[in-house]
Amino acid sequence: MWRNIPERYNLLGTHCQTCGKYYFPMRRVCPTCRRKGKLVDAKMPETGKILSYSQVFVAPSGFEHETPYFLAIVELANKATLLTQIVDSKADVVKEGARVELVFRKIYEDSPEGAIAYGYKFRVV
Amino acid sequence: MRKVSVIGVGQTTFGEHWSLSLRDLVTEAGIKAIENANVEGKDVQALFGGCMASGRFIGQEHIGALMADQMGMNPVPAYRTEAACASGGVALRLAYMAVAGGMYDVVAVGGMEKMTDVSTEDAAVALAGAGDQESELFNGATFPAIYALMARRHMHDFGTTEEQMALCAVKNHGHAVHNPYAQFRKAITVENVMDSGYIASPLKLLDCSPLTDGAAAMVLCASDKAKEYTDKPVEIAASAQASDTLALHERRSLTGLHATEVAAKDAYKQAKIAPKDIDLLECHDCFSIAQIMALEDLGFCKKGTGGKFVEEGNTDFGGVIPTNLSGGLKAVGHPVGASGVREAIDVVRQLRGDAPAPVQVKDAQIGLSHNVGGSGATVVVHAFKKGF
Amino acid sequence: MTRAGIIGYGVSIPHWRIKTTEIARVWGKDGEHVAAGLGVKEKAVGGFDEDSATIAVEASRRAVKMSGIDAQKIGAIYIGSESKPYAVKPTAATVADALMAGPDLMAADYEFACKAGTAGIQTCLGLVKSHMIDVGLAVGADTAQGRPGDALEFSAASGGAAFLVGREKIIAEINHTYSYTTDTPDFWRRQHEEFPMHAGRFTGDPAYFKHVVSCAKKTMEIAGTQASDYAYAVFHQPNGKFPVRAGQILGFSKEQIQTGLITPVIGNTYSGASMIGLAAVLDVAKSGDRILCVSYGSGAGSDGFDLTVTSEIVRHKPVAQVQDLVAKKEYIDYATYIKNRRKLKSL
């Protein structure tokens, strides 16, 4: 989706200056401060650590040819979290607590003729 | 607020219904419930139907009108609810609110899904719509994967094992052997689960509920009028619902559903009960880990001890809190929009004494149904009390 | 004349490798013999989710980080590749957005077989020297195609390098550049065709050697240098043998060539090849070192560069050294390789 490019290419998220929390993906309202929250765009850190992971063997349409692939929930250096694929990493290093860094990858293409969606993935450092 | 009772229940068998369409399924379940309630169709003043993804599964929306039309109920008002896998539970709650608030005396509520007309990959996409499309499905997260992320963290934090998770599936299959409506009436072993191959590690095929066609329905009535129709009304003692973030990664915890805790607390307060007062539980075991977390979040055991709690037999028939005596989502099958209603029906059957004899809890007075939408963004909890 | 040169660079080499012997196994060839003949023992293979755009972005991000500049300062982006993800839709725009360098910049994709990336450096150099822009980014990146069973399959690899050209904080000044161009049909890929064709042994003397040697000679003539003036020489490296022989013809020793010779361990990354070689040299070069770099693109032409490393180099460390990227690897088999590169018909 073209409008998501800032998020997907550069991890652009939201910072609430009222409560100090970071959100990814972007939000229009801070769930804690609601309308009192002063929200600004914020680039997320490019490193973090794995909180949990799974290796996916049965994929949804569009990802069938990539199995098995790793998914993880990553906590970034600013405590914001995201769900991401983990690539270029041997199975024995993908584990809770592993340090990861941002990479730029192809996420999805619905057909050889269709547009390509690029975005964020992470790899174990 | 008026008290509300369940006066009739009905369902189709759950399974792969190659020759039946969504309209066939919901009509069959609806008519069975109305007949079971001993009401006339003309007495039913409104219809509430839960359905998650008919648009993606069969290209059909406008399910409220479809129900009224196919069951010959026009022109009564008909509503479709959508809250992913909690669509049925939400339909039940809205129907309850409509009667409790005095708008109607008798309403029918249903849940339905026709899932087998699409490929497994397309079904995975449809189901993943229950999560956050932009941050989860976009990155290749299926629903098993989302729950796998919870399972892995649960294992990491509390030492829960794959065998303990497998036990949930084993026990549920053991119960379903007695359930004539269940998709899988076949006992399995822990070895079967462990050998069934990863779908999204650590979850294996037999940790996961299946793709299922089916519908379930019930008739609700203002309690003060229930005796006009049935000798065995079951009262809805509590109806609670809570919401949480759509995406798993934004939750306060990966090892439990906060919305379950909130809804349960509310339900216990409404019904003036505590977990120890509950005789049986139908919980939302879309994946084995979901059952372990539900037992914890509903307060039947301490956070982190769910695996051990199951292992010790506390959830067996005859245990501290017999859980999913129907077979649960795992073995009864999981037509996503139907499950919330089906869970409630199986609690009602137990309280009426209508459950299959080998798994009928003796003198059951209070039962709880627990229905989860997505990975916990919507949770509905209903408490039922024997009303006769 | 305004001074200009390289102010930062970055390299991206995919994680995956396939050994020459593994490819040879599938075709019933003697793998050791093929590897020795080509001087390529293994090649880098992009993952299923990598293409020349992702490689270009990764390399470019490293270049920007190394230089320490604000990406908004970049006034032009040129991407050279012969394996563009789109026939029509610029990779340069993707790179610009991924760097948050836009929207105020010039951008285009270049094609000149394996020298499109160095053509981008020349364009940036002209724009920077003329003060039309402050900083330009030139990238050479490929997920090189090689038809299954063809000799090219043993060497065609994935990887890329990005160079930032500017006037301030130059780590390697580009003293002179020169290009040598003729119409020579040694290697091509027609529109809509998946794999390139090549003219066998014709790709040697009348193509690669004629252009590389002529270009190198003329570049040195303009610069007033001879082979012995250079600490390092980097030549386009379609295999491990050609650049060594070109060096010999031009009077360079093996030691001068060795540091920038990366193809033997990652294969021929097409547009990336000479640029990754140059990056490997800059990783270890010292202030005052002179470097000759000559690319080659079939069809055919060569771009020659005469560079001098400045004292600034000690203040800018590469984000990832080429040798570290070479060492970080995991081997895959032929089946995984053809899946990753989508050579299976159903993909």
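## Where chain B meets chain A

Between chain B and chain A there are 17 residue pairs in polar contact, with both residues at pLDDT 80 or more; such a contact is a pair of N or O atoms within 3.5 Å, where one must be able to donate a hydrogen and the other to accept it, and residues adjacent in sequence count only if both atoms are side-chain atoms. The model is predicted, and its local features need pLDDT of at least 70. Residues are numbered from 1 along each chain as its sequence is written.

The side of chain B that touches chain A divides by residue kind as follows.

| Kind on chain B | Residues |
|---|---|
| Nonpolar (Ala, Val, Leu, Ile, Met, Phe, Trp, Tyr, Cys, Pro) | 14 residues |
| Polar (the others, Gly among them) | eight residues |

In contact terms (heavy atoms within 4.5 Å), 29 residues of chain B meet 32 residues of chain A. B:F138, B:N139 and B:H249 supply 26% of the area that chain B buries against chain A, more than any other three residues. That buried area, the accessible area (1.4 Å probe) lost on being put together, summed over both parts, is about 2700 Å².

One salt bridge is counted between the two chains: B:E250 pairs with A:R27, with the closest N and O atoms 2.9 Å apart. The term asks for a side-chain nitrogen of Lys or Arg within 4 Å of a carboxyl oxygen of Asp or Glu.

Now for a helix of chain B. All 10 of the 10 residues of α11 (residues 288-297) are buried, so this helix is largely enclosed by the rest of the structure; buried means under 20% relative accessible area (1.4 Å probe, protein chains only).

Technical notes. Chains lettered and ligands numbered in written order. Heavy atoms only, no water. Buried area = accessible area lost by both parts, 1.4 Å probe. Buried < 20%, exposed > 50% of the residue type's maximum accessible area, 1.4 Å probe, protein only. Helix = DSSP H or I, 4+ residues; strand = E, 2+ residues; numbered from the N terminus.
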